[in-house]
Amino acid sequence: MNYDKKRALYDQYGEAGVKSGVGGSAGAYTTNPFDLFETFFGASMGGFSGMDQTAFRTRRRGAAMKGEDLRYDIILEFSEAIFGAEKEIVLSHLETCDICAGMGSKIGSKMRICSTCGGRGQVMRTEQTPFGMFSQVSICPACGGEGEIISEYCWKCAGEGRIRVRKDIKVKIPPGVSKGSTLRVRDEGDAGPKGGPPGDLYVCLDIEEISEIQRDGINLFSTVTIDFIEAILGTTVKVKTVDGIGELQVPPGTQPGDVVVLAKRGVPKLNKPSMRGDHLFNIKVTIPSRISGQEQELLEELASLRSNSVRRPSSHPNTKTQIDTTKRSQKSMEAQDSEQEQPSQNDFWQSLKDFAGSVANGALKWLKDNL
Ligand SMILES: [Zn+2]
Ligand SMILES: [Zn+2]
């Protein structure tokens, strides 16, 4: 992600890194020649490794450096991520001191020429090594390359130029965001040093899960259990949707693992909320393990009725597969995601036949219908 890249860059080249690098190298020369080689040939500008030349020049000219980006994590409720929300967050960030405009010095006070570098902002070091004399120019550790030093500090920020402020910020979460989405709030990061422009605030989103509805992109998935009679005759089931309780029409002859779709009851598309995904219901069919005497009689009557009207050879294997798949349809929804990914392979279709009535089959059927 962009944020991480930026973050890494800052960690590498940021102000803190630069400062400690300069401070650390001051008088820290050792007689180990390998350290010296690294210093000379490793980094482009000798002493202040990790800082590029442009950054150095802008600092010398006194141009303002941009402040640091900040990260804030928010956990959204399931429905907030779907329909959007307005979140109020309390942020702690650095703002430019309004008294000294970020300069850190008392109003009207004069800057003093740095005595360490004589105002040049750079210091030269010469070291005797086993290879001879080495000279090196580096940023003045006393003034940080400015050439000047504050003589009287600003009373409000004590010379820092920035003050830590707690701020309430309203963040508008658009509909359709997903786990891991990042929103950028411009200019709400830390103010830059010496009145420099602020960085940005990155709001990283996590989303709570709920047990009844799973989400995959813009589509939602649930499981509905119906009785085998209902599966044969068809029924209407009350189901939980993100819009409240809805009615799901289960058509007659529904097989275990079939998927019934409530179209446009899914998640709105991010940045295009007029488009909505679907809510898919995986149908589970329960076969009673115990039945009453009267039911037994009726079912036997039904059985004899069917054996007379239906051709035996085709009905028997059919029944067998169904028993097989009822067991398999207990498999969790996770199987669906991985199996959905490569629907083009031949043996995949073959293996799907064995799974007739499984969740994957239902979803693929839906995909085929919808593509
Ligand atoms: Zn100040
Ligand atoms: Zn200096």
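Student: What spacing do the donors of the zinc ion (ligand 2) follow along the chain?
Tutor: The model is predicted, and in it the protein donors of this ion are the SG atoms of Cys114, Cys117, Cys140 and Cys143, lying 2.2 to 2.3 Å from it. Read along the chain, these donors follow the spacing C-x2-C-x22-C-x2-C.

Student: Which arrangement does the site of the zinc ion (ligand 1) have, given the angles that its four donor atoms subtend?
Tutor: The zinc ion (ligand 1) is coordinated at 2.3 Å by the SG atoms of Cys97, Cys100, Cys154 and Cys157, residues spaced C-x2-C-x53-C-x2-C in sequence. Four donors count as tetrahedral if all angles lie between 85 and 135 degrees. The angles here are 103 to 117 degrees, and therefore the arrangement is tetrahedral.

Student: Are Cys97 and Cys100 buried or exposed?
Tutor: Both are donor residues of the zinc ion (ligand 1), each through its SG atom. As for their accessibility, Cys97 and Cys100 are buried.

Student: How many residues apart in sequence are the parts that Asp200 and Arg184 tie together?
Tutor: The side chains of Asp200 and Arg184 meet in a salt bridge, with 3.1 Å from N to O. Because Asp200 lies in the loop between β8 (182–185) and β9 (201–207), while Arg184 belongs to strand β8, the parts joined by the pair are apart in sequence by 16 residues.

Student: How far does the backbone nitrogen of Asp200 lie from a polar atom of the side chain of Asp69?
Tutor: Asp69 is placed in the loop between α4 (53–61) and β1 (70–76), and with a relative accessible area of 9% it is buried. The distance from a polar atom of its side chain to the backbone nitrogen of Asp200 is 2.7 Å.

Student: Which class of accessibility does Lys87 fall into?
Tutor: The side chain of Lys87 meets that of Glu80 in a salt bridge of 3.1 Å, N to O. Buried means under 20% relative accessible area, and Glu80, at 16%, therefore counts as buried. Lys87 has 21% relative accessibility, so this residue counts as partly exposed.

Note on methods:
Residues are numbered from 1 along each chain as its sequence is written. Chains are lettered from A and ligands numbered from 1 in the order in which they are written. This is a predicted model: local features need pLDDT of at least 70, side-chain atom pairs count only at pLDDT 80 or more; totals for chains, interfaces and linings use all residues. Side-chain values use heavy atoms; hydrogens and water are left out. Donors are N, O and S atoms within 2.8 Å of the metal (3.2 Å for Na, K and Ca); water is not among the atoms, so sites may look incomplete. Four donors count as tetrahedral if all angles lie between 85 and 135 degrees; four count as square planar and six as octahedral if opposite donors are over 155 degrees apart and all others between 65 and 115; anything else is irregular. Buried means under 20% relative accessible area, exposed over 50%, partly exposed in between (1.4 Å probe, protein chains only). Helices (H or I, at least four residues) and strands (E, at least two) are DSSP runs, numbered from the N terminus. A polar contact is a pair of N or O atoms within 3.5 Å; within protein, one must be able to donate a hydrogen and the other to accept it, and residues adjacent in sequence count only if both atoms are side-chain atoms. A salt bridge is a side-chain nitrogen of Lys or Arg within 4 Å of a carboxyl oxygen of Asp or Glu.
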